[in-house]
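Thanks for coming, everyone. Please have a look at the model on the screen, and then I'll walk you through a few parts.

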Amino acid sequence: MSTIASASNTGTGMQFGIFTVGDVTTDPTNDTTPTEHQRIKNILTIAQKVEEVGMDVFALGEHHNPPFVPSSPTTMLGYIAAKTERLILSTATTLITTNDPVKIAEDYAMLQHVADGRVDLMMGRGNTGPVYPWFGKDIRDGIPLAIENYALLQRLWREDFVNWEGKFRTPLQGFQSTPRPLDGVAPFVWHGSIRSPEIAEQAAYYGDGFFANNIFWPKEHYMKLIGYYRQRFEHYGHGAASEAIVGLGGQAFMAKNSQDAVAQFRPYFDNAPVYGHGPTMEDFTEQTPLTVGSPQQVIDRYASMRDYYGDYQRQLFLMDHAGLPLKTVLEQLDLLGEEVIPVLRKEFAENRPANVPDGPTHEALVAKRDAALLAVAEPVEAPEAAVAS
Amino acid sequence: MTTRKIAVIAAGLSQPSSTRLLADRLADATTRQLQSLGVDAEVQIIELRDTAQDVVNNLMTGFPSPKLEAAIETVTGADALIAVTPIFTTSYSGLFKSFIDVLDPAALTDLPVLIAATGGSERHSLALDYAMRPLFTYLHAVVVPTSVYAASSDWGSTGDAGAGALPDRIDRAARELATLAKESDRSSRMVDPFALPAGFSPVGGYGAQ
């Protein structure tokens, strides 16, 4: 399984990448604001750079309110697919609550074909209150929507014809979503949550991945949530807790000299959406994984993550928010790709237990499916299955 | 002898503050009353002033600093709470409310609470009953019938026909709180942060089974 994963990706084991929320924010150092058009083109440029500097994943947020521009992720990811060769395209997050699961099934199966399988998704509920009523939903149904919509999405990708009746959408009789998933294998799915055990439970039930955004809270909080997910993954029989599929977010700003990084990033931090004008950068870097300093400091901080969360599969960095100009973001990606990721790859590979899965790829999922089919067809290995069929 | 944990919130902004003075008197009286019921009191006082910036940061970032988290755990894990705020512009202080706002809304359910306030004039004493009491009632806490308001003049008067002097009111409220605190088992309860809602199913109620 590891040989298959490594054949399609630069890295065996861990996958590294970038996730973006796609905010249009004024650069506080010169008071300029990119147009929506500029920001959208910048995101597309950044995504291509992610592959160029040797990273594995680019994940795009989904928003329906300014100052965020990515309302139509598959349009942008489809373009990026055409411009890249290896990069896995993902989301951070896809709104499983307010999107019709039928449309998610079709959009992302289509993207799978366009991108030759280089697609996975991260489900999220969305935390902007008015988006729910704008899409005809009620935010108080957030968890039930995430649970029911995903249950339907699962079936649409796995069953050719679906009869369905649920609480939140019109029933389906004999519905076939189109196109069918590439090679008959649904995209890998992560579930993102900041604090809901229900979502960790859901991810564990399906044997899907669990992603902790790791931006806004201290690591101790996410350690508990991921520990719970790992334990429930084992409970549902998908493998040992150490074999659960874990992804983490993170945030960094670097300069060769750490003092330069601090001076350069401070105005962006102080005025950033969400935490700007709140805690000091010093408090925030101490209390959350945000690391502002030299590449070595970023390496040290993130190499230690597995001590807290166990060996994991995917590390995404938020690098392009708070009004940072494109040129700076591209320089940051160069530093990440040249100085940080190669060292982290080596460190994470060291002493990584053999049973810990690699980061998920389409090829690995196809191989796993084929192996399972073979096991059923092979009466010596699985006599009961053969009798049953 | 059994022990009960008493948390005290003092939301005064100056140091020294009359709010803290009242909080200490209430804590002492509650300790005495508990002792007369055969119960030891373990009192922890939180001066909100010390966590003021942490409270504001929590409002903005959504998570508490380690210092604030310790204060929150002291309050939510107590057997009883004494909450004392200065009255500003006819109500509890903004800092006091902001601290309450960062608590989980279910975290004070069943908690016996004594409410008290300080103010420059006795004309604001009803703020305890139209602002403080509904706040804790909304949170499903159990507020004792006697609330204690101390105007500046109360610190040098012997009371009047309608109400006893400040020490009498403190003792009566403390007696009411001690009676509830004695029966409270909140501090020994195990709280499972990952408890799923009753009837939760990872596939929902429809279709997927």
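How many residues does the contact take from chain B, and how many from chain A? It takes 16 from chain B and 27 from chain A. Two residues are in contact here if their C-beta atoms, placed from the backbone, lie within 7 Å. On the side of chain B that touches chain A, there are 10 nonpolar residues, six polar and no charged. Nonpolar means Ala, Val, Leu, Ile, Met, Phe, Trp, Tyr, Cys and Pro; charged means Asp, Glu, Lys and Arg; the others, Gly among them, count as polar.

Some ground rules. This is a predicted model, where local features need pLDDT of at least 70 and side-chain atom pairs count only at pLDDT 80 or more, while totals for chains, interfaces and linings use all residues. Residues are numbered from 1 along each chain as its sequence is written, and chains are lettered from A and ligands numbered from 1 in the order in which they are written.

Now chain A. Its open sheet has nine strands, ordered 3-2-1-13-10-9-8-5-4, with parallel pairing. Strands are DSSP runs of E, at least two residues; helices are runs of H or I, at least four; both are numbered from the N terminus. Two strands pair if DSSP finds at least two bridges between them. At the edges sit strand 3 (88–91) and strand 4 (94–95) of chain A, each pairing on one side only. Further in, strand 10 (residues 246–248) of chain A runs parallel to strand 13 (residues 314–317) of chain A, joined by two bridges. In strand 13 of chain A, Arg314(A) is the bridge partner of Gly247(A).

On to chain B, helix 6, residues 166–183. It has 18 residues and reaches 27 Å from first C-alpha to last, close to the 26 Å expected. That expected span is 1.5 Å times one less than the number of residues.

Which residues of helix 6 of chain B are buried? Among them are Leu166(B), Ile170(B), Ala174(B) and Leu177(B). Buried means 20 or more other C-beta atoms within 10 Å of the residue's own, exposed means 12 or fewer, and partly exposed is in between, with C-beta atoms placed from the backbone. Seen down the axis of helix 6 of chain B, the buried residues fall within an arc of 165°, so they line one face. The arc is that of the directions from the helix axis to the C-beta atoms. The face turned away carries exposed Asp168(B) and Glu183(B). What covers the buried residues of helix 6 of chain B includes helix 1 (18–36) and strand 1 (2–10) of chain B.
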